[in-house]
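Please follow this structure step by step, with the sequence and the coordinates open side by side.

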Amino acid sequence: MGFCTKRAILRMRRGGAGLYREYLPGPRFSSTLPSESARGGQSGTEKSATDSSAYSTIASSLYDVVIVGGGISGLSLAAGLKSSHYTSNLKIALVEGMSLASAKSWSPDPDRYSNRVSSITPASQRYLSQIGVWDHVYAERVQPYDDMRVWDGVSGARIHFDAFHLGTEDGTIAYMTENLNLQHALLSHLNDSPSDPPVMILDNTKVEAITKGQKFDDLDLSSWPALKLSTGDTIMARLLIGADGVSSPVRQFANIESRGWDYNQHGLVASLDMEWDDRQRIAWQRFLPTGPIALLPMPDGKASVVWSTTPKYAAHLKSVSAGAFCTLVNAAFRLGMVDLEYLMSRVDEEDIREDFEWRDARLPIEAEGQQFPVRVVEVQEGSRASFPLRMRHCDTYVAPRIALVGDAAHTTHPLAGQGLNLGQGDVVSLVRVVEKASQQGSDIGDEVVLQEYWAERYPVNHVMLGIIDKLQKLYCTDFPPIVGIRTVGLEVVESLDWVKKMIMKQAAGA
Ligand SMILES: Cc1cc2nc3c(=O)[nH]c(=O)nc-3n(C[C@H](O)[C@H](O)[C@H](O)COP(=O)(O)OP(=O)(O)OC[C@H]3O[C@@H](n4cnc5c(N)ncnc54)[C@H](O)[C@@H]3O)c2cc1C
């Protein structure tokens, strides 16, 4: 295929999405948009030659879709669009500021687990299967669970969910796996699936600025976002997707307001070894007044802890010895808040262990594995890390030629394991909307087209973010009247299977 002519560009501009394939040369980037002299002051063959080369330069920098962010949302969106008959011919670029090389070539070490793990709901897993990504996931690094035990750390009131409440065939509540496993699978899928044109992945490339495009004679790109990349190149998008996380530069360019608050909690994560491996399919969560602690099963007798706590405790938990850390995790599932606070004030490993053993001896042995998890015996070296926790929700997810997905649109507390899954829900919806527009020959960047995506996803996400936020606030206190109310509430819910079924259905993303 030769270089684009001006005529071809004009035809392309009039056409719907996906027509670029016919006219555009392979992706080549250039920051050189046509100069003043290229747009006037010449005549005859000289002008037409300059025009032709200027337009071909523009053409190579134009994309149907530019996705900023190579996290799970951005990669899933690229995979989703490429898997659809109606959108597989779109010219897509994905820009990621970090290197994706280690995720792409990831070959898991059986003795080590990454500390960034997620619970994937059956709905997210189904979608990833449907678009062919799940086949690339390392199955031995996935741990499904079908039992969830949650309790109030102050009153001891409990709620128990199992396969019965989910009502699905295999009864899986969620699948635990490393984020790296998903990222690797998405990259492998994009690499292995033949698509024409393939997704242009530009990693190690930061979006430094976003401006509006320009008008070139009768080619009007003034409504197209133009992205200045750290490589010096500029690319333009018919539809720009912000999958660029909580600080989303795309959202800032679109002037979309994001509202919310910080929880003044940090999510401390670590990869753990358990004492024994007989109850691998249970997820545990205990709500402490300083924040919930969750122990999530991983394969091979391993587990992952997500301990949401005060920034001070998070710093302390990262600084104590490995042995002291394991004891403190065990204590957080077993002891009362006063005992736990006392242990948290100590630093000496032996002191902490002896004190814990003495207090733990009062607990019934049969409660182990039933009311709280078996003991943690080791924490993987270098796996302790913490992240500030916050709630954010954008007023809208769309603007002309722009859509936001995943954490760029909403960020939530990890207590319900929903952040990534809500992002997957966004992807499913946006792919469907772009598919429909492509099928109908509409402009995929048209805000009217994109409104359907926002209208579908905003209410769903709003409800889930609201529930999670209320739960976080309800359980972050030991004020007796509140403890009394929430205890009665939890006991009532525990006794009503139909309510538990409704909760599980919502959490599973059904
Ligand atoms: C402790 C913890 C536990 C969690 N557990 C769960 C769980 O169990 N289940 C669940 O569903 N969710 C969970 N979450 C939430 C989940 O991790 C996030 O919702 C999810 O990873 C967000 O993915 P994303 O792709 O939308 O954003 P991100 O992963 O933030 O990706 C954004 C990407 O954009 C890139 N980027 C940003 N700016 C630029 C730029 N200018 N140029 C180029 N690239 C750029 C970044 O480098 C990044 O790679 C948890 C979160 C935390 C903190």
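Pro 197 sits in the loop that connects helix H9 (179-192) with strand S8 (200-202), and in this predicted model the peptide bond between Asp 196 and Pro 197 is cis, with omega at about 0°. Most peptide bonds are trans, and most residues other than glycine have a negative phi. Against that background two further loop residues deserve a look. Asn 204, in the loop between S8 and strand S9 (207-212), is not a glycine and yet has a positive phi, near 55°; because its relative accessibility is 52%, where over 50% is the requirement, Asn 204 counts as exposed. Arg 401, placed in the loop between strand S20 (398-399) and strand S21 (402-404), likewise has a positive phi, about 65° in this case, although it is not a glycine. Its relative accessibility is 10%, and since the limit for a buried residue is under 20%, Arg 401 counts as buried.

A positive phi also follows helix H7, where Gly 132 has a value near 90°. Within H7, which spans residues 122-130, the buried residues are Pro 122, Ala 123, Ser 124, Gln 125, Tyr 127 and Leu 128. An α-helix has 3.6 residues a turn, so residues three or four places apart point the same way. Which elements do the buried residues of H7 pack against? They pack against H5, S3, helix H8 (163-166), strand S7 (174-178), helix H9 and H15.

Two strands pair with S7. Strand S3 (117-120) runs antiparallel to S7 and is joined to it by four bridges, with Val 117 standing opposite Glu 178. Strand S4, residues 143-145, also pairs with S7 in the antiparallel sense, here over three bridges, and Pro 144 stands opposite Tyr 175.

The chain between H7 and S4 forms a loop that contains Tyr 138. Is Tyr 138 buried, exposed or partly exposed? Its relative accessible area is 25%, and because this value falls between the limits of 20% and 50%, Tyr 138 is partly exposed. Leaving out residues up to four places away in sequence, Tyr 138 touches Trp 106, Ser 107, Pro 108, Asn 181 and His 184. The C-alpha atoms of Tyr 138 and Leu 182 are separated by 8.7 Å, although these two residues are 44 residues apart along the chain.

The ligand comes next. There are 30 residues around the ligand, and those that come nearest are Ser 73, Glu 96, Ser 119, Asp 407 and Leu 420. By residue type, this shell divides into twelve nonpolar, 13 polar and five charged residues. A polar side-chain atom of Glu 96 lies 2.6 Å from an oxygen atom of the ligand, and a backbone N or O atom of Ile 72 lies 3.2 Å from a ligand oxygen atom. For Gly 97, a polar backbone atom is 3.0 Å from a nitrogen atom of the ligand. The ligand, taken alone, exposes 1000 Å², and the protein buries 83% of that area. The elements that contribute two or more residues to the shell are H5, strand S3 and helix H15 (419-440).

Why does Thr 87 count as buried? Its relative accessibility is 0%, and because the limit is under 20%, Thr 87 is classed as buried. The side chain of Thr 87 reaches the backbone oxygen of Leu 81 at 2.6 Å. With neighbours within four places in sequence set aside, Thr 87 is in contact with Leu 81, Val 434, Glu 435 and Ser 438.

Note on methods:
Residues numbered from 1 in each chain as written. Predicted model: local features only at pLDDT ≥ 70, side-chain atom pairs only at ≥ 80, totals over all residues. Heavy atoms only, no water. Buried < 20%, exposed > 50% of the residue type's maximum accessible area, 1.4 Å probe, protein only. Polar contact = N/O pair within 3.5 Å; in protein donor to acceptor, adjacent residues only side chain to side chain. Contact = heavy atoms within 4.5 Å. Near = heavy atom within 4 Å. Areas by Shrake-Rupley, 256 points an atom, 1.4 Å probe, with all protein chains shown as cover. Nonpolar A, V, L, I, M, F, W, Y, C, P; charged D, E, K, R; others polar. Pairing = 2+ DSSP bridges.
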